[in-house]
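Here is a short report on how the parts of this model meet. Keep the structure open while you read.

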Protein chains: 2
Amino acid sequence: MSYVNEMDAPPDNARPDQTIFVVDDDPAVRKSLTRLLRSAGYHTSSFDSAETFLRCWAEHAMPGCVLLDLSMPGLDGLELQQRLNASGLAIPLIFITGHGDIPSTVSAMKAGAVDFLSKPIREEALLGAVNEALERDRRRRRTRAEHKAVDRSYQTLTPREREVLALVVGGLLNKQIAAALGASEKTVKIHRGRVMEKMKARSVPDLVRAAQKLGIGPDTSSEGPAGPSR
Amino acid sequence: MSYVNEMDAPPDNARPDQTIFVVDDDPAVRKSLTRLLRSAGYHTSSFDSAETFLRCWAEHAMPGCVLLDLSMPGLDGLELQQRLNASGLAIPLIFITGHGDIPSTVSAMKAGAVDFLSKPIREEALLGAVNEALERDRRRRRTRAEHKAVDRSYQTLTPREREVLALVVGGLLNKQIAAALGASEKTVKIHRGRVMEKMKARSVPDLVRAAQKLGIGPDTSSEGPAGPSR
DNA sequence: CCGTGCATAAGACCAAGGTCCTATTTCCCA
DNA sequence: TGGGAAATAGGACCTTGGTCTTATGCACGG
């Protein structure tokens, strides 16, 4: 409670496998940002242009976040952001600018930037933004990994099994599923068993949650206002 | 395809039950905004201060969105936003400013503002922002109504029924639930039946989705890496 | 032409879910 | 102190779910 870590606090933030990418055309700025971040315990990597960064980073999509100068010759900060968003790749961005304007700020924030800092930059504001950006990246990677795992399982399902999956998570009984698909209940049970196995679901609730990650909800066409029997 | 509504396009946007609240201390600004919005078919209501707006609106939390001057005597735009966010009430905000700065912009956008427009205001930018704000409000109200309905049902559950609910959506069998609660399977079945009835769930998947809206997921403590039995 | 994967399905069985009815105990409120 | 909600539970009974085994038809690819 009464002890305070003055500076060189090493732990907590600054996970070993995350990198702060500094993208700025001014070598002096890169140097001072890098020094500040390193002394706070972060691993950094700098680039003198958005193009260079994009080329190097896009191959591996390394974990971390980007400190990005708004205005640079060539690809500028906002354009880089657009490209990243369009390409499906994603990494949290923190904008830095000497003389930014409000429309740019709004555009950057709407497009998901973590923060937008004007020079001169307050050290604590920068470190706070970096912390949040790294946290966002961790969360995004975690949920994305979960989704991918589920999707890989889903890809192993046959077309029929996918139909059965959709109807099971829609809450239909085996006999109703059989009727809907024009098959016998026995067949449905077999498909259902394989769905559970392939989706690695140990229970129907498990399966429902997996399906939700794939965007498979209750069949919207069967959501009539009058409840279908019991 | 070849016809274009020139102006007075009445429909589509401008739903009858949504109001644009104009909050600005300058009567001339209120008047010109109101005129513009009315001619675009929106229903408007104006206030000369954030306090007045807050008092009038908070009672009914009427649907719509707010056009808000950033700097006003008394409660300013950002402070109003903080209060709204803190109070749980919520309505989409569009900031308008004559001479805003970047920190204010960032703060407003981080806190969820729809847009942040600088004067002179382009008509199409304003109408675009209003449209998005109204759309957000509709979505928010819809999902919130769903959550509330589920929560009302949940409130009618007895403590024991809530425990059973949590374990059912966790995927446990009745006998496992019985063991976990130190009760007999018969008892669990009765609670379970009442849970389904009270939660208006017609199937286990229904119940799982309802529980998710309440933040009840699979029991995190039973998520060991080694799969429990089968 | 044969193997493989997919969809189909019957018989046999057992486990699990769900519903009635009945009944007891506890605890709180009027 | 009587009534009612909550939790408990047994018996009886039926419906579903799930698995195993066996078997058929079809289509694609080597």
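## The DNA surface and the chain contact

α8(A) gives the largest share of the surface near DNA strand C, with 4 residues. Near means that a heavy atom of the residue lies within 4 Å of the strand. Helices are DSSP runs (H or I, at least four residues), and strands are runs of E, at least two, numbered from the N terminus.

This is a predicted model: local features need pLDDT of at least 70, side-chain atom pairs count only at pLDDT 80 or more, and totals for chains, interfaces and linings use all residues. Side-chain values use heavy atoms, without hydrogens and water.

In total, 15 residues surround DNA strand C. Among the closest are A:Ser184 and B:Lys189.

| Residue | Distance from side-chain N or O to phosphate oxygen |
|---|---|
| A:Thr158 | 2.2 Å |
| A:Arg160 | 2.6 Å |
| A:His191 | 2.8 Å |

Now the protein chains. Chain B brings 28 residues to the contact and chain A brings 27 residues; contact means heavy atoms within 4.5 Å. B:Ile102, B:Arg202 and B:Arg209 supply 29% of the area that chain B buries against chain A, more than any other three residues. Buried area is the accessible area (1.4 Å probe) that two parts lose on being put together, summed over both.

The interface holds 2 salt bridges. Each is a side-chain nitrogen of Lys or Arg within 4 Å of a carboxyl oxygen of Asp or Glu. One joins A:Asp115 to B:Lys110, with the closest N and O atoms 2.8 Å apart.

Notes
Residues numbered from 1 in each chain as written. Chains lettered and ligands numbered in written order. Polar contact = N/O pair within 3.5 Å; in protein donor to acceptor, adjacent residues only side chain to side chain.
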